[in-house]
Amino acid sequence: MPSTSSVNASEIPKLSKNPAVNEWVVRTAELTQPSSVVWCDGSQEEFDNIAADLVESGTLIRLDEELRPNSYLARSDAKDVARVESRTYICSEREEDAGPTNNWRDPAEMRAELEPYLRGSMRGRTMYVVPFAMGPLGGKITQYGVEITDSPYVVLSMALMTRSGSAALEYIAPDGEWVPALHTVGAPLIDDEGNEVEDVAWPCNDTKYITHFPETREIISYGSGYGGNALLGKKCFALRIASVMGHEEGWLAEHMVLIQATNPGGRKYTITGAFPSATGKTNLAMMRPKLPGWKVETIGDDIVWMRPGDDGRLYAINPEFGFFGVAPGTGWSTNPVAMETISKNTIFTNVALTDDGDVWWEGMTDETPEHLIDWEGNDWTPESGRPAAHPNARFTVRADQCPTLSADWDAADGVPVDIILFGGRRRTNVPLIYQSKSWEHGCFLGSTLGSEQTAAAEGPVGVLRRDPFAMQPFAGYHMADYWNHWLTFGERLGDKAPSIFQVNWFRRDADGGFLWPGFGENIRALEWATRRVEGAVGAVESPIGLLPDTSDLDTEGIDVDEETLRQIFDVPTEGWLAELEETERYYDEIGERVPQALREQLAQVRAAFERA
Ligand code: GTP
Ligand code: SPV
Ligand code: MN
């Protein structure tokens, strides 16, 4: 039974050294009217108690202890399965600062619009206060936040995904900076007339708001309990708010994977890669390289913060503490490291349940089980004609369970970057790998990144959309200013700038099959990139950039013949002229602020095709 009375403000503990944190907690409780307030300490005991309560209430199913120790399955509401970009807002003072890629609202108007939704939104529920750090505690690049949420599932997720609880709270100094992040599922257990409402396994609201206030560095999220809508340290803070911070302070917040690849000679390369949602970051982060003698170590799979160090190089950290990875397509043959990582202590959301109490999803094993309970809780057989797991089903797990985690992953001030990759899902046009001719040309490649849509957000799957730097849904300010910010690093870093490459693991043949085996074989493309960085191998000039001489690409032992290689590296003039026209239209949409340097790059590529 929910308590019908809301918490008394005078009874709320004030645990922060920072009075603004305490005041915000009290003010939020007065607004949302929960029945109790709990400050989370981040302990294992706290985690286990909340998980046990959620099992009892039916939100979590405890998986078989032998097959999947200390792990849980959650099934979301069928209308709450991914990020909702259509309901995501950047509320900057001036509309032009949000730019054409964001939904904009006036901050005062948005606050007024949200107020009636937030008022009483936590009635009958517990309000949890979760202090968290993005980055290693005490690190130079690290930022702090406090998420208030009425979702215990979110509390567990934050415990796995961030450094959270008392330890993080300690680092929020009395006058230190911190980001308030308010989250409610928008499903009070007591209605406006004071009547009790029955709880459901996955409370949420049909109305959703994911709002950001960049000037005041605030986040308010209403109505969803899923992923980036609700784990506010992730896309809301570490990308949308942090990108604004980085723009003002001279650093970069990026939707990137971060790995170290070591060659057989023992030389280690730090590689970051911007790939749109569900386009291979986790797979690259945990790659088991198929070339003999190579080793890949994991630092991050989704978000990277980078800033120039004292030695003039670009240093990168992963601000997160865990992985929220796409389950479908992750299997023993494609990504064994991920499979080991999620062998225990994992929360799965929207995957299928096996008859013996384990999880399953499309692509996990070669054989499909004969019977499952699907992600919506219904009986399922291979004849059902629908996927057993939702295409955006995910696992949530701490990074330190990853067997390939780098010893440097926690390095307070990060690791210096050698190579930056940009990659999308592209059936046509884009070769497996090519190098940019310069930093500016590399920024051009980033700005023109396109990808076929996935189930990670609303919209038609498979349709090509522009996703510059994989940041289309995540840049918290004007996209053209963001491009310009990238351009400024060329001068700042000079000859210490990382080398930039474009990659595409997803090119198809005429029958729609993938031309390139992908996954662990992608090391063959990376190997070429590292040899380019060493100056150990030449490249072939083309209108779009520096291509490998295909004889320099190691294809020994894989089923890629010369004709396939030709298709993988083909640069069709007609297809590219159409693409460039499309790019020009896209630049026009972004508007007058598009940096002249990028317009010039576009003109140069076009001129090169016309010359050819
Ligand atoms: P977010 O967490 O949404 O930001 O995405 P992500 O980029 O981390 O996505 P992830 O690595 O989980 O990729 C998801 C999908 O990409 C899965 O369906 C994989 O099977 C597929 N994938 C990853 N790498 C490759 C590859 O090299 N080739 C092919 N064909 N598919 C790949
Ligand atoms: C993405 O969509 O890029 C994700 C998943 O990484 S979410 O955290 O839900 O945004
Ligand atoms: Mn992502």
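My entries cover a metal site, the sheet beside it in my notes, and one further strand.

**Ground rules.** I am reading a predicted model, where local features need pLDDT of at least 70, side-chain atom pairs count only at pLDDT 80 or more, and totals for chains, interfaces and linings use all residues. Residues are numbered from 1 along each chain as its sequence is written, chains are lettered from A and ligands numbered from 1 in the order in which they are written, and side-chain values use heavy atoms, without hydrogens and water.

**Entry 1, the metal.** Which residues coordinate the manganese ion (ligand 3)? I found Lys235 (NZ), His255 (NE2) and Asp302 (OD), at 2.2 Å. Donors here are N, O and S atoms within 2.8 Å of the metal (3.2 Å for Na, K and Ca); water is not among the atoms, so sites may look incomplete. Histidine 255 sits in the loop between strands E12 (252-254) and E13 (256-262), and aspartate 302 in the loop between strands E15 (295-300) and E16 (304-308), so the pair ties together parts 47 residues apart in sequence. Strands (E, at least two residues) and helices (H or I, at least four) are DSSP runs, numbered from the N terminus.

I then checked the geometry. The site has six donor atoms with angles of 73 to 172° and is octahedral. That label requires opposite donors over 155 degrees apart and all others between 65 and 115.

Buried means under 20% relative accessible area (1.4 Å probe, protein chains only).

**Entry 2, the sheet.** I traced an open antiparallel sheet of four strands, in the order E12-E16-E17-E25. E12 and E25 (415-416) are the edges, each with a single partner strand, so one side of each has no neighbour in the sheet. Pairing takes at least two DSSP bridges between two strands. E12 and E16 have three, in the antiparallel sense. Glutamate 254 is opposite valine 304 in E16.

I looked at residues 218-222. Five of the five are buried, so E11 is largely enclosed by the rest of the structure. Glu218, Ile220 and Tyr222 point one way, Ile219 and Ser221 the other. E9 (179-184) runs parallel to E11, joined by four bridges. E10 (209-213) pairs with E11 in the antiparallel sense over five bridges. Tyrosine 222 in E11 partners threonine 184 and stands opposite tyrosine 209.

Terms used. Tetrahedral: all angles 85-135°; square planar, octahedral: opposite > 155°, others 65-115°. Buried < 20%, exposed > 50% of the residue type's maximum accessible area, 1.4 Å probe, protein only.
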